[in-house]
Structure formats: C-alpha cells, structure tokens
Amino acid sequence: MTSLRKINFLIFWLLTAAVWGGCFRLAFAATNFSHIALYDEAKYPADFSHFDYVNPDAPKGGTVVLPSYGGFDSFNPFIFKGNAASEVAALTLDTLGIVPADDVSVVYPLLAKEFELPKDKSYVGFILDERAKFSDGSPVLAEDVIFSFNSLIEKGAPIYKVYYQDVDRVEKINDRHVRFYFKKGSENKELPLILAQLSIFSKKDWEGKDFSAPTLKPFLGSGPYIVQKFKAGKSIILKRNPNYWAKDIPSRKGFFNFDTVDYEFYQDTTVTLQALFSGNIDIREEYIAKNWVTGYDNNVVKSGKVIKEDIPHGRAANLQMFAFNIRKDIFKDKRVRQAIALAFDFDWANEMLFYNQYQRLNSYFTNTGMEATGLPKGKELAILSRFKSQLAPEVFSQEPRVIHHQNYMQTRENLKKAVSLLNDAGYGFRDGKMVNLATGEPLSFEIFDNSSNGSSFTRVMLPFIKNLRKIGIDASFRTVEVNVYKNRLDNFDFDIAIIALGVSQIPGNEQKELWGSQSAMVNGSFNIIGIQNPVVDALIEGVVKAQKKEDYKAYVSALDRVLLSETYMIPQWYAPADRVAYQNKFEHPKTNLKVGYQPFTWWMKEDFRS
C-alpha cells in the first residue's frame, strides 16, 4: 500500500450501503471494536501491550543517518505534482489505525481508539483518542479527519479517487467521532482498513493554502517526529517529539527510538556503499547481489565496525519487472511481448552475476500463497470458465511457468520460438533486422531505468540485448536521473521500463490502480503498463467483493493466471531476506518472526545515545 516501493497495500472488511426508501439509511445498532480484521482473524487481543516484533523497553536516544535516493522539492507526497520526500510524511503524520508487520490483515488503534461497524456494514466509524494531538498541542478532531479525506479526493493524486470511490459521504457525529458511509451495493471488503490508513492533516494549519500545490513547508502532524531543518533536494533532519501523544500506546510502544533521524539524499546506490564505509551514513539496504558477496570484503567489515546481516522476511515479493508500455503499437500484440520475454536469460544472470542469491518471480503475487499454479481447478476453474470466450485457450490448458535458459541449447530453442512468434505477428527478417512486413519498420525499442541502480543493471542488460539482436531486434538500454525517471513514468513516456511495485500480502482494492482499465490513461497512476482488459477488471472486482476466504483466494489466483497469460511484463527476481549493513552501534529485536528490516524498531547502543 510513498515512493512506489513504499507504498503498503492492504485488505479489509466488506461494507454494503443500505438505503430506506431512498431518503435515509436504515438504522442498525453499531458495535465498537478494538480492531478490524479480515475474516475475523486477529493475532492480538484487545488488551495487548505491544507488538511481538518490538522491544517495548528499547532505550531512546542518539542519531541515525539514513540514505534516500533522488531528491525532493516538496513535502506533499499526496499529490501528483512535485518530487516529494515521502519519508517525512511517514514519520510526521499519524493514521487512524496501524497494521503491524506480523498481522497484515488487521488494523489496530492509533488516532482512533475504537472502530465502529454496524450489522449492515453500511459505514465505518472512528472514535478518536481523546489524547490525540498535533505537534503544536492542538487536538486531533473529526473535522481534521474530514478535511484530510476531502483533500485527497478533491486535490490528491489519482490513486485516491480509485481507493475511495465507494465512499458515499463522511459525517461528523461529534468532535471525536466520524463516520464514512458507503455507496449502496459497493461490496468493497477492504474499505474500512483502507480508510484506517488515512493520514490525518490539521484543517486549521491548511487554512488559506493550496493542497494541490507542492510545498516545502512541512505538514503539521501528530506523528512521532517533527522536521527540524532541511536543505531542499539534499537532506532532511527530523527530531523526535518528546511530547508525542502516542508514545506509550500499545501500537507505538518500542518504535521510534532515535532522537534524531537524518536523511541524506544520493543519486546512486554505489555512492552510498562508500558513504557507509566512511561513516557518513549508518544503515544501508543492499539491492545488488554482487556487492553483497564481494563489495564488503574490507577491513571495516572484517574488524566488525560495519555489520552485514540477512534479515529474513515473509513478505509478498516486490514485483520487479521489465514493464511493457502496451499503449505503444509495437507492444499491442501479445506474441511480440512473448518473443521478447523468451530472450531474457535469468538463469545465466543468477549464476554469473547474482551468485545464486535470487529466486525468480513466478507470479504477480509471489510469496503470498495465492500464486496461480498447475492447471485451474475447483473454484478458480469455475471463475475462469465464465470468461472462457474472452480468454486464450492456454489459460485452461497450460500451466504458468517461467522461461528457463539452463544451457546453450535451451537458449537456442527459446530464440527459435521467439522468431516463430514474431513471424506469426507479421514480422520477418530483412537484411538481418526484424521488421514489420506490412510497414517495413524495424522492431526497435529502448529499455530504461533510473540511475540510482548505478551500473548494476548494465551487466544484466548486455546479454539480454545480445539475445534480442540475435533475432533481429534492435534494443538499447538507458539510465536517467531519478527525477527524470519518475516524470517519464508519470507521463507514460517509455517503451520498456524497469520498475518495482510493492505487493500486498493480501491483494485487494489497490489492484484497480495497478491493472484496472479506469487508471490506464490517468497520468501518474500505477497502471504503468496500460492494461485495459475487461476480464482483468471483472476478476479484480471479484477479489474485492469476495465474501469467503476460499472465494477470495480463487479470485486472486485467477487474476494472476490471466495477467501472466498476457505477458504484460517480464518478471525479474526477488530475495527471501533483506540485506542490511550497518555501523556497529545499533541493536534491534531478535525475533523468529519474519518481518524483515524494520529500522524504527532499532535503537542505539548505550555509548552512542548522547
């Protein structure tokens, strides 16, 4: 559900609007809950004291210096314009509820101390904590919640209209009680939890200001940190608010242990590696396998000054891919996309470049347990059969599988198959080039990435491009600055882009924004590929509206199978653990829970807290 990768997508409760005589809502007695859970399954009881993956007694103090990439010219990440520092919003703005890393289908109290749901599920109510206040001491009230919601709907980025499209109206019950009513027949199972993740702004602080415009004035928030100072595009220093209202509530206990958080902005991950060794930054995630294996072989690491650690996670794998822009004519034919995919040799890259540290993505929902596997059967088959006339026969007759290049002969066969597909699509060789036989245009395109990856992807791209040239395709690879990269993606100005999208452990409403037809032509949307497929739309609706867990899983698998069958992207790879290197002045909770790298549960060793 942020920069693209920070965005964290969640699943939630079904709510159906009820209307009596078209004039007013049929009244049902509402029940207050200490959490909202999908299918009534929650890990933590109402009287829980803290989440299991934190140290509730972690000492406070010290400064942590963290890297960020690109730059920033705004502190407003909720709008389309500008390049916002999303780190600031995450640390300065509280939400109505919080979803823990070890119970991802449940929301627990934060600004809202209780959640209200009627039997007819026609609305969700939030009862605000009387202690909740902004950093200037003013209370967080229902009018702030209403203002925040309306600002996102009216002036926020396109994603919010998709997220909240089933909200009919929002109503103030009293100063600390607000309700969101739902459209009749919406059947949106996720909406209460989505709304619980609403960041709350101060209505008073925004008086006379334009929410739709980028701004370098930090928001007045109710979160654990306050912006102390910054240099636009360069650095941001946040100070922990000693009067943070929620520091002792169960969902915040053990978090936010650093007095100061200093974000330093870089354009290249390779630069941050040297910054770590020189002590200019404190903690760094490693995204390049070769660096992890060979780049830390120095005295700083050997002496124990810098520690390397693989931190296992059980998250859904980020969807890292070569994304086709199917708005472009050359990629409208699925056979062309399939041919290009056959030329990508992950097996060679994993062995020769990645030291076999990665696993191949095999799904849009890898590591969720809902991947499409084997042939469709049971409920999934029944769902897909409703769309049989609109689907390719192989959806029912062929198992989803990744392409392998385990030896030279297999690569040769893959490339022969690619040529055959291109021939079927109306292409053929002329003077060694693959051309459209109807127009004479050569099959040529650019693959682009952002420069924060440095030269790491060049090593991957060279053999890919070489294989493409063997079948007459003229492909080039280009890296651009992070800001240029974002602008081009926002405006769909690319052929093939290397992107990574966060994937929810429980896919849901966000799928409309990722693959739904209504977002395909909206600049700035996450439907970067440009998918407009009525079957995909119908399956997403099925995911969102599923009443039973088994139906929900069947719809997710069916959606996965259809998306895979269309070859909208070439899946890349993922690591089963977060690779983190850090200065030897930190401690973090030791747990068997696979929650991955959680930096704001860490704390400084005693000698470094001053």
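**Cores, sheets and aromatic pairs in a predicted model**

Good morning. I begin with a pair of residues: A37 has V106 in β5 as its bridge partner. Strands here, like helices, are DSSP runs numbered from the N terminus, with at least two residues in E for a strand and at least four in H or I for a helix. The model is predicted, so local features need pLDDT of at least 70 and side-chain atom pairs count only at pLDDT 80 or more, while totals for chains, interfaces and linings use all residues. Residues are numbered from 1 along each chain as its sequence is written, and side-chain values use heavy atoms, with hydrogens and water left out.

β2 and β5 (residues 106–109) pair in the antiparallel sense over two bridges; two strands count as paired if DSSP finds at least two bridges between them. The sheet is open, has three strands, and runs in the order β2-β5-β4 with antiparallel pairing. Its edge strands, each pairing on one side only, are β2 (36–37) and β4 (97–98).

I turn to another sheet. Three strands form an open sheet in the order β13-β24-β14, again with antiparallel pairing. At its edges stand β13 (283–285) and β14 (306–312), each of which pairs on one side only. On average, neighbouring strands in this sheet are turned by 25° against each other, direction ignored. Axes are lines fitted to C-alpha atoms, for helices over the stretch in contact, and angles run from 0 to 180 degrees between N-to-C directions. Seven bridges join β14 to β24 (residues 577–583) in the antiparallel sense, and in β24 the bridge partner of E309 is V580. Helix α5 packs on this sheet and touches β13, β14 and β24, with a direction at about 145° to that of β13. Contact means heavy atoms within 4.5 Å.

Which residues of α5 are buried? In this helix (residues 269–278) they are T269, T272, L273, A275, L276 and F277. Buried means under 20% relative accessible area, exposed over 50%, and partly exposed in between, with a 1.4 Å probe and protein chains only. An α-helix has 3.6 residues a turn, so residues three or four places apart point the same way. After α5 comes G279, whose phi is positive, near 85°.

Next, the nonpolar cores. A nonpolar core is a set of buried Ala, Val, Leu, Ile, Met, Phe, Trp, Tyr and Cys residues joined through side-chain atoms within 4.5 Å. The largest one holds 144 residues, and F180 and W515 touch the most other members. Helix α17 (residues 549–565) gives the most to this core, namely eight residues. Beyond four places in sequence, W515 touches several residues, among them L319, Y364, I529 and L563. A second, separate core has 36 residues, including F51, V106, I236 and I311.

Helix α17 also holds R561, which counts as buried at 2% relative accessibility. What does the side chain of R561 reach? The answer is the backbone oxygen of T373, at 3.1 Å. R561 and L384 are 177 residues apart in sequence, yet their C-alpha atoms are 9.4 Å apart in space.

Leaving aside neighbours within four places in sequence, N467 is in contact with A343, D345, T411 and L415.

Finally, the aromatic residues. Rings of Phe, Tyr and Trp (its six-membered ring) pair if their centres lie within 6.5 Å; planes under 30 degrees apart count as stacked, over 60 as edge-to-face, and the rest as tilted. The count by this rule is 53 aromatic pairs. F51 and Y53 form a stacked pair, 6.0 Å from centre to centre with 0° between the planes. F51 is buried at 0% relative accessible area, and Y53 is buried at 5%.

Why is the pair of Y225 and F256 called edge-to-face? Their ring centres are 6.1 Å apart and the planes stand at 80°, so the pair is edge-to-face. Y225 lies in strand β10 (residues 225–231) and F256 in the loop between β11 (235–240) and β12 (260–266), so the pair ties together parts that are 31 residues apart in sequence. Both Y225 and F256 are buried. One aromatic cluster includes F78, F115, Y160, F180 and W206. Thank you.

Note on methods:
Polar contact = N/O pair within 3.5 Å; in protein donor to acceptor, adjacent residues only side chain to side chain.
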